[in-house]
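This report describes a protein structure for a reader who is new to the subject. Please keep the sequence and the model in view while reading.

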Amino acid sequence: MIAHSSSTLRANASVKAGPATAGGRDLLTQVLLGLRLDGVEYGRCVMRAPWALAFPESREARFHFVAQGGCWLKLRDADWVRLNPGDAVLLPRGSFHVLASDPEVPTVDIDALARVPVSENIYLVKPDADAGADDAVADHSVMFCGSMRFNLDPLHPLLAMMPDMMRAGELAQKDPTVPAMLEAMEREVSLDRIGACGIMARLADVLAASIIRAWVECGCSDSSGWIAAVHCPSIGRVIAAIHADPERDWTVPELAGLMGASRSRFAEAFTRTLGETPARYVARIKMFQARRWIAQEGMRVAVAANRLGYDSEASFSRAFKRIIGQSPGTLRSAQLHARPRTAFEARAPR
């Protein structure tokens, strides 16, 4: 069930980005500008009751839009939740979950079902491998499901704070763009026009980003933690600067200067609000950047260490393992082995 695309929170965040001010909203927007949705995969699932699909735990976020029929959703160790036509959910950490016509139906792994090509990079998922893409679906459940790869590190504070499931309907009253996106998707499904799946994929990209933005802006009113820190004009300015330039060798005096406070006052306020010291936070953001370089681009460990300002590869590797949980060399080796070899590499002697 695949349709490839690339979408960014940049377009969505810029909708509300006015002239630069010291307000927390604009500072949060600066942080959101760097977040992207990459390599989205989508497909149209048409199921006749009784049915139940298990979606295994994934490194990618999961997105579901219920176009017709309704269904039930269950996260591991959670109660069943009813999804009605027009509902959309985002599972930002790709948690294991089940979609079913009824909670009592035995599950089948989603990857075990046949995929019927509809158009380029778009597949129809049906339980009957011989079923055609144009079969009548009046008595079926119809869902638009997808996987999204965020450029967020799994340990990024924003991703870590997100709930396992985010329902668009719960945010619709807080962000007027959310119901507008849901209505657009419903219209596209009901009209059944040429290229509907491709347009649905693009709409889903924007809707997922809108869900995240609505949650960040309206759904997180905690008085402490990362979101509160970003909303704070003084500390938020510091966090935005760190995220905008993770390669910089940030020092406490420099960060305190951004806040307009003494070193001791800045360090105390930062640690009280975020629960960790400025140095620790800067180190984590640097390691998130390093993991993207190494895991996604295959960058050499020594190059990553140098770009992030470490005096030696050894000190960088110790910091990386302490924060990420594995050595950068192990991560790079796994990335190189997972990367498909070119025809030239395949012919080369070992």
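## Overview

Of the 350 residues of the protein, 49% count as buried; a residue is buried when its relative accessible area is under 20%, exposed when it is over 50%, and partly exposed in between (1.4 Å probe, protein chains only). The model is predicted, so local features need pLDDT of at least 70 and side-chain atom pairs count only at pLDDT 80 or more, whereas totals for chains, interfaces and linings use all residues. Residues are numbered from 1 along each chain as its sequence is written, and side-chain values use heavy atoms, with hydrogens and water left out.

The protein contains 15 helices and 13 strands. These elements are DSSP runs numbered from the N terminus, with helices (H or I) of at least four residues and strands (E) of at least two. Among contacts between residues at least 6 apart in sequence, 71% join residues at least 24 apart; contact means heavy atoms within 4.5 Å.

## The packing of α8 and α9

Two packed helices are described by the angle between their axes and the distance between the axes. Helix α8 (residues 233–244) packs against helix α9 (residues 252–259) at an angle of about 130 degrees, and their axes are 8 Å apart. Axes here are lines fitted to C-alpha atoms, for helices over the stretch in contact, and angles run from 0 to 180 degrees between N-to-C directions. The helices α8 and α9 are therefore oblique to each other; angles under 35 degrees count as roughly parallel, over 145 as roughly antiparallel, 65 to 115 as roughly perpendicular, and the rest as oblique.

The crossing of α8 past α9 is right-handed, a term used when the near helix is turned clockwise from the far one by less than a right angle, while anticlockwise gives left-handed. On the α8 side, the contact is made by Ser234, Ile235, Arg237, Val238, Ala241 and Ile242, and on the α9 side by Leu255, Leu258 and Met259. The residues of this contact divide into seven nonpolar, one polar and one charged. In this classification Ala, Val, Leu, Ile, Met, Phe, Trp, Tyr, Cys and Pro are nonpolar, Asp, Glu, Lys and Arg are charged, and the others, Gly among them, are polar.

## Aromatic pairs

Rings of Phe, Tyr and Trp (its six-membered ring) pair if their centres lie within 6.5 Å; planes under 30 degrees apart count as stacked, over 60 as edge-to-face and the rest as tilted. By this rule there are four aromatic pairs. One of them joins phenylalanine 270 and tyrosine 281 edge-to-face, at 5.7 Å centre to centre and with 70 degrees between the planes. Phenylalanine 270 belongs to helix α10 (residues 263–274) and tyrosine 281 to helix α11 (residues 278–297), so the pair ties together parts that are eleven residues apart in sequence. Phenylalanine 270 is buried, at a relative accessible area of 0%, and tyrosine 281 is buried at 0% as well.

Another pair is formed by phenylalanine 316 and phenylalanine 320, whose ring centres are 5.8 Å apart and whose planes stand at 50 degrees, so the pair is tilted. These two residues are four apart in helix α13 (residues 313–324), and about one helical turn separates them. Phenylalanine 316 is buried at 0% relative accessibility, and phenylalanine 320 is likewise buried at 0%. Elsewhere, Phe266, Phe270 and Tyr281 form one aromatic cluster.

## Backbone features in loops

Most residues other than glycine have a negative phi, and most peptide bonds are trans. Alanine 49 and proline 50, however, are joined by a cis peptide bond with omega of about 0 degrees. Proline 50 lies in the loop between β2 (36–47) and β3 (52–55).

Aspartate 77 is not a glycine, yet its phi is positive, at about 60 degrees. The loop between β5 (71–75) and β6 (81–83) holds aspartate 77, which is exposed with a relative accessible area of 75%.

## Other individual residues

Is histidine 140 buried or exposed? At 10% relative accessibility, histidine 140 is buried. Its place is in the loop between β11 (122–126) and β12 (141–150). Not counting residues up to four places away in sequence, histidine 140 touches Val46, Met47, Arg48, Gln68 and Gly69.

Alanine 267 is part of helix α10 and is partly exposed at 25% relative accessibility. Its C-alpha atom is separated by 7.6 Å from that of valine 252, 15 residues away along the chain.
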